[in-house]
Amino acid sequence: MKTVVGNLKGGTGKSTVAFNLALWLANMARPVVLCDLDPQNTLRDAVDVRVEEGHMPTVSVFGSIPKQADGDVIIDVGLSNMEAVRVALGRADRVLIPVTPSQADVWATQQFLDIIDDSTKGGKRPDVITFLNRADTHPAATENAETQGVLQEIPGMTVLDNKLSQRMAFRRSFSEGMGVFELEPRGKAAIELNALAEALFA
Ligand SMILES: Nc1ncnc2c1ncn2[C@@H]1O[C@H](COP(=O)(O)OP(=O)(O)OP(=O)(O)O)[C@@H](O)[C@H]1O
Ligand SMILES: [Mg+2]
């Protein structure tokens with residue numbers, strides 16, 4: 001299954017999510033490769049750190065989508081190369097869109113759906129799944145529920161109940177080449193990531 005992690009907005013967590021999901025699968029001994037189509041090479045750098053630090057299991061990173069792959073291919077895209085994004089969307093079985101709780105992100109998601117439809121017309125439309133990343137942890141915050149509510153009104157995609165909150169552990173683990181569930185297995189970030197991964201890959 002080829003999953004493109006994409007969005008029209010920068011900094012919504014595409015690379016962080018792609019990396020964590022691939023490591024989650026690898027830790028389950030499920031075959032997975034990462035595909036880094038972003039000229040920033042974020043995933044390649046993160047995997048390099050992982051290898052240097054000797055964390056196991058390792059995950060292979062490709063610079064293009066492999067023709068044949070056993071198991072899952074998780075594809076991270078960069079916005080500076082929209083042509084590559086369109087090609088990846090055309091080959092995707094599903095598209096996972098991390099959305100941060102903001103109106104600008106919701107608008108960008110709507111536009112990204114148009115790009116998905118345009119890039120896949122004439123072929124099979126991939127499943128489109130969205131979820132909240134960097135969700136507000138403040139108990140009084142209303143933005144998470146508001147954003148989820150607005151996303152649910154957009155036709156053509158599934159909105160997961162699972163969300164990842166804004167937590168330091170994501171940044172810290174990524175810079176060490178680890179998944180959140182490896183750095184802090186009992187932490188809140190790990191619990192959220194495990195639930196998201198199960199919803200996507202169970
Ligand atoms: N759930 C989270 N909690 C806290 N920080 C997060 C979370 N998700 C992502 N981040 C942080 O947000 C920043 C952007 O994340 P990331 O690089 O994964 O986004 P991106 O969508 O791949 O960005 P780009 O568009 O530049 O490729 C990083 O500093 C990352 O550590
Ligand atoms: Mg990125």
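Guide: A term to begin with: two strands pair if DSSP finds at least two bridges between them. Helices (H or I, at least four residues) and strands (E, at least two) are DSSP runs, numbered from the N terminus. The model is predicted: local features need pLDDT of at least 70, side-chain atom pairs count only at pLDDT 80 or more, and totals for chains, interfaces and linings use all residues. Residues are numbered from 1 along each chain as its sequence is written, chains are lettered from A and ligands numbered from 1 in the order in which they are written, and side-chain values use heavy atoms, with hydrogens and water left out.

Visitor: Fine. What is the strand order in the open sheet?

Guide: The order is 3-2-4-1-5-6-7, seven strands with parallel pairing. Strand 3 (60–62) and strand 7 (158–165) are the edges, and each pairs on one side only. On average, neighbouring strands are turned by 25° against each other, direction ignored. Axes here are lines fitted to C-alpha atoms, for helices over the stretch in contact, and angles run from 0 to 180 degrees between N-to-C directions.

Visitor: How many bridges join strand 2 to strand 3?

Guide: Three, and the two strands run parallel. Val-33 stands opposite Ser-60 in strand 3. On strand 4, the bridge partner of Val-33 is Val-73. Strand 2 and strand 4 pair in the parallel sense over five bridges.

Visitor: And strand 1 with strand 4, how many there?

Guide: Four bridges, again parallel, between residues 2–5 and residues 72–76. Val-5 has Asp-76 as its bridge partner in strand 4.

Visitor: Back to strand 2. Why is it largely enclosed?

Guide: Five of its five residues are buried, so strand 2 is largely enclosed by the rest of the structure. Buried means under 20% relative accessible area, exposed over 50%, partly exposed in between (1.4 Å probe, protein chains only). In a regular strand the side chains alternate between the two faces of the sheet. Here Val-32, Leu-34 and Asp-36 point one way, Val-33 and Cys-35 the other.

Visitor: What does Leu-34 contact?

Guide: Skipping neighbours within four places in sequence, its contacts include Ala-18, Phe-19, Val-47, Val-61 and Ile-74. Contact means heavy atoms within 4.5 Å.

Visitor: Which residues have the most contacts inside the largest nonpolar core?

Guide: Phe-19, Leu-21, Leu-34, Ile-74, Leu-96 and Leu-200, in a core of 35 residues. Helix 1 gives the largest share, nine residues. A second, separate core of 27 residues includes Leu-37, Val-77, Ala-92 and Val-106. A nonpolar core is a set of buried Ala, Val, Leu, Ile, Met, Phe, Trp, Tyr and Cys residues joined through side-chain atoms within 4.5 Å.

Visitor: Where does helix 1 lie?

Guide: Helix 1 (residues 14–27) lies across strands including strand 1, strand 2 (32–36) and strand 4, and runs at about 165° to strand 4.

Visitor: New topic. Which residues come nearest to ligand 1?

Guide: Lys-14, Ser-15, Thr-16, Arg-134 and Ser-165, out of 16 residues around it. A residue is near a molecule or strand if one of its heavy atoms lies within 4 Å of it.

Visitor: How far is an oxygen atom of ligand 1 from the Lys-14 side chain?

Guide: 2.8 Å, to an N or O atom in that side chain. A polar side-chain atom of Arg-134 is 2.9 Å from a ligand 1 oxygen. For Gly-11 a polar backbone atom is involved, at 3.0 Å from an oxygen of ligand 1.

Visitor: Is Ala-29 buried or exposed?

Guide: Exposed, with a relative accessible area of 69%. Ala-29 sits in the loop between helix 1 and strand 2. Asn-41 is in the loop between strand 2 and helix 2, and counts as partly exposed at 30% relative accessibility.

Key:
Polar contact = N/O pair within 3.5 Å; in protein donor to acceptor, adjacent residues only side chain to side chain.
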